[in-house]
Amino acid sequence: MSERESPYVRELDRLYEDASYSAQTYFEAAKSAEAWGKSMVFGPALASALASFLVALGESKQWGAVGAVAGAIAATAAFLGADRKANSLKDTARKYTALRHSARLEKELSASRSDDDLDAVVRGLREQYSLIVSTNEVVASRFFKKAHTRIGAGVLKYEVDD
C-alpha cells in the first residue's frame, strides 16, 4: 500500500487540516476579542478624560456626570479583565497549533511505522483533538471565514515546503 493510500496517513492529513483551520479560527477570534477588550477600557477612559477636561474649562457640570460614568465603565472593564476572553481563545488556538504540528510530524514519520503503531498514534491524536473541542468555547462562523481566507492566502505555508 502506498503512503497516499494509507488510511492512517489520510487521517493524519485530515487531522492536520482540522487543527489548522481550528487554530487559525481561534487566533482570528482572539484578535477580535483583544481589540474589543481594549476598546472597552480605552474608549470610556478617553471619554472620562474629555468630560473632565470640559468641566475644568468651565463647561456644564453635567459633563462631570458623563466623566464619572465613563470612568466607572473603564474601571469595571479593566477590573473584570477585558482581555481575559482573548487569552482564553489564544490558549485554545495554541493547543490546536501544537496538535497540528504533532500530526505533521507523525505523518513525516509514518513510513517507518507499523500499522499498529500508526493506529495508536492516530487514535491518540484524535483523542487530543476531541478533548480540545470539548473544552473550548464556540466562536462565530465569521472567524472561520477569516481563517479560511488567511489559510488560502498561505499564512500556514513554510518556505521549506516549496
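**Figure 1. Contact between helices H1 and H4 in the predicted model.** On the H1 side, the residues in contact are Tyr8, Glu11, Leu12, Arg14, Leu15, Asp18, Ala19 and Ser22. They meet Asp115, Leu118, Asp119, Val122, Leu125, Arg126 and Tyr129 of H4. By class, this contact holds eight nonpolar, one polar and six charged residues.

**Figure 2. Axes of H1 and H4.** H1 spans residues 7-56 and H4 spans residues 115-135. Their axes come within 10 Å and cross at roughly 20°. Angles under 35 degrees count as roughly parallel, and H1 and H4 are therefore roughly parallel to each other. The crossing of the two helices is left-handed.

**Figure 3. Crossing of H1 and H5.** The axes of H1 and H5 come within 8 Å, with a crossing angle of roughly 115°. This crossing is right-handed. From H1, the contact takes in Ser20, Tyr21, Gln24, Thr25, Glu28, Ala29, Lys31 and Ser32. From H5, the partners are Arg142, Phe143, Phe144, Lys146, Ala147, His148, Arg150 and Ile151. The residues of the contact of H1 with H5 comprise six nonpolar, five polar and five charged.

**Figure 4. The largest pocket of the model.** Divided by class, the lining of the largest pocket has four nonpolar, one polar and four charged residues.

**Figure 5. The second largest pocket.** The volume of the second largest pocket is about 180 Å³. It is lined by 14 residues, and those nearest its centre are Ala29, Ala33, Lys85, Leu89 and Phe143. Two or more lining residues come from each of H1, H3 (84-109) and H5 (141-152). The largest share, five residues, is from H1. The lining of the second largest pocket has nine nonpolar, two polar and three charged residues.

Terms used. Residues are numbered from 1 along each chain as its sequence is written. This is a predicted model: local features need pLDDT of at least 70, side-chain atom pairs count only at pLDDT 80 or more; totals for chains, interfaces and linings use all residues. Side-chain values use heavy atoms; hydrogens and water are left out. Axes are lines fitted to C-alpha atoms, for helices over the stretch in contact, and angles run from 0 to 180 degrees between N-to-C directions. Helices (H or I, at least four residues) and strands (E, at least two) are DSSP runs, numbered from the N terminus. Angles under 35 degrees count as roughly parallel, over 145 as roughly antiparallel, 65 to 115 as roughly perpendicular and the rest as oblique. A crossing is left-handed if the near helix is turned anticlockwise from the far one by less than a right angle, and right-handed if clockwise. Contact means heavy atoms within 4.5 Å. Ala, Val, Leu, Ile, Met, Phe, Trp, Tyr, Cys and Pro count as nonpolar, Asp, Glu, Lys and Arg as charged, and the others, Gly among them, as polar. On a 1 Å grid over the protein atoms alone, a cavity is a set of points where a 1.4 Å probe fits but cannot get out, and a pocket is an open set with protein on both sides within 12 Å along at least five of seven lines; lining residues have an atom within 4 Å of a point. Grid points are joined across faces, edges and corners, and a volume is the space filled by probe spheres set on the points.
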